[in-house]
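Please look over the sequence and the model shown here before reading on. The briefing is written for a reader who is meeting this structure for the first time.

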Amino acid sequence: MASSFKLLSSLTTILLILFASLCLVSTAPSRMGTNSPPFKKIYAFGDSYTDTGNTESSTGPNGFTYVSNLPYGSTFFHHPTNRYSDGRLVIDFVAQALSLPFLPPYRDKKANKSSGVNFAVAGSTAIPHEFFVRNNLALDITPQSIQTQLDWFEKFLEEKHGCRGAAVKPRCTFDDALFWVGEIGANDYAYTIGSSVPGSTIQELGIKSITSFLQALLRKGVKYLVVQGLPPTGCLTLALALAADDDRDAIGCVRSVNNQSYSHNTILQAKLHDLRVQFPHAVIVYADYWNAYHTILKNRDRYGLKEPFKACCGSGGYPYNFDVLATCGSSSASACPNPSQYINWDGVHLTDAMDKVLSSLFLQGGFCHPSFDYLLSRKHHQV
């Protein structure tokens, strides 16, 4: 009787351990920690927030022409990488989370691109460059738009895989590829500051261009697509330095600029909803940059980010350490000793620390809709 009880007790213990293990697996918050990466490739698009080296000092956007100089890249890479940050970008953290190497820039002809390519260009716009030339908007010195990036992508597919037009060959399908579209469109609004071109025109043309770009990807058979919205651009140091002091919202950002970004994102989300109906085979995720950034600002102490608006690297001193004529990397500029406590790196772009927090909120913090874990689950169960 005693031995039977001991046997039954042991079996019960084993079953409880197995059950607990299964529960832990089934309730895991993310599938990213598995041994086998869920994706074999990432293709990225966007502007300077996503560009990992398609521009350099001589080809960078207006006002930020020192990206090939230290202290850019000093925190993580310990040398300039032509990223507009002291370290990594959101797309770098995404690649790391998916156990993939950092994405090489498309323009690096010698790079190993077997795990994906980054087509993002600093200074890039949603609206084609010709629009800005036609309207004498001289702030736009970057000829590449999101359409250019699509052209580069198609050229890459044709040269590397023999893919042209619709994806019909096995090597031209994207079952194991994640497409990440970083924020795009903020430059369009910035380049029209002080002009007679209304913001409503930029919004209409920008959203139309972004939607056409996404449709082109989805028609090629893209299955897993993440689209970032705009951040609250009124919280960037540049916006704060230029705007009137009475144009502020509840958290100290430029109200008019933030309202513009918020409105843009609202329309973009409606377009993404339409695309989900039009392309039901695809998982289309909206990465809510605006609310993720906003949440970090309101709770920055929780994330160890003490300085919300002042640029870590720049010149000009109090209150913003920003001078558009002497930006980060120039001989007149210097960097703070503690960039991990700053949100803003150079007046427009973000620190490695901020990008790390943002990426965690996108991937695991509930600021993707549907969630990034849902996308991974769909990938895991794809037939």
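What follows is a short briefing on a predicted model, grouped by topic.

The model holds an open sheet of six strands with mixed pairing, in the order S2-S1-S3-S4-S5-S8. Its largest pocket has a volume of about 880 Å³. Two cis peptide bonds are also described below, one between Tyr318 and Pro319 and one between His369 and Pro370.

**The sheet and its strands**

- The two edges of the sheet are formed by strand S2, residues 116-118, and strand S8, residues 368-369, and each of these pairs on one side only.
- Strand S1 covers residues 41-45, and because four of its five residues are buried, this strand is largely enclosed by the rest of the structure.
- On one side, S1 runs parallel to strand S3, residues 177-181, with five bridges between them, and within this pairing Tyr43 stands opposite Phe179 of S3.
- S1 also pairs with S2, again in the parallel sense and over three bridges, and here the bridge partner of Tyr43 is Val117 in S2.
- Strand S5, residues 283-287, pairs with S8 in the antiparallel sense over two bridges, and His369 in S8 is the bridge partner of Tyr286.
- Although Gln228 and Asp288 are 60 residues apart in sequence, their C-alpha atoms are 6.3 Å apart in space.

**Cis peptide bonds and positive phi angles**

- The peptide bond between Tyr318 and Pro319 is cis, with omega about 0 degrees, and Pro319 sits in the loop between strand S6, residues 313-314, and strand S7, residues 334-335.
- The loop between S6 and S7 also holds Asn321, whose phi is near 55 degrees, a positive value in a residue other than glycine.
- Asn321 is buried, since its relative accessible area is 11% and the class takes in values under 20%.
- The bond between His369 and Pro370 is likewise a cis peptide bond, with omega about -10 degrees, and Pro370 lies in the loop that runs between S8 and helix H11, residues 372-380.
- His78, in the loop between S1 and helix H2, residues 90-97, has a phi near 65 degrees, which is positive in a residue other than glycine.
- With a relative accessibility of 60%, His78 counts as exposed, because that class begins over 50%.

- Thr211 is found in H6 and is buried, with a relative accessible area of 12%.
- A polar atom of the Thr211 side chain lies 2.8 Å from the backbone oxygen of Ile207.
- Just after H6 comes Gly221, which takes a positive phi of about 100 degrees.
- Val133 has its place in helix H3, residues 129-134, and at 51% relative accessibility this residue counts as exposed, because the limit for that class is over 50%.
- Val133 and Pro143 are 10 residues apart along the chain, and their C-alpha atoms are separated by 9.5 Å.

**The largest pocket**

- The largest pocket, with its volume of about 880 Å³, is lined by 38 residues, of which the closest to its centre are Ala186, Ala190, Tyr191, Ile193 and Leu238.
- Helix H5, residues 186-190, helix H7, residues 237-242, and helix H8, residues 255-278, each supply at least two residues of this lining.
- Sorted by class, the lining of the largest pocket consists of 22 nonpolar, 14 polar and two charged residues.

Note on methods. Residues are numbered from 1 along each chain as its sequence is written. This is a predicted model: local features need pLDDT of at least 70, side-chain atom pairs count only at pLDDT 80 or more; totals for chains, interfaces and linings use all residues. Side-chain values use heavy atoms; hydrogens and water are left out. Two strands pair if DSSP finds at least two bridges between them. Buried means under 20% relative accessible area, exposed over 50%, partly exposed in between (1.4 Å probe, protein chains only). On a 1 Å grid over the protein atoms alone, a cavity is a set of points where a 1.4 Å probe fits but cannot get out, and a pocket is an open set with protein on both sides within 12 Å along at least five of seven lines; lining residues have an atom within 4 Å of a point. Grid points are joined across faces, edges and corners, and a volume is the space filled by probe spheres set on the points. Ala, Val, Leu, Ile, Met, Phe, Trp, Tyr, Cys and Pro count as nonpolar, Asp, Glu, Lys and Arg as charged, and the others, Gly among them, as polar. A polar contact is a pair of N or O atoms within 3.5 Å; within protein, one must be able to donate a hydrogen and the other to accept it, and residues adjacent in sequence count only if both atoms are side-chain atoms.
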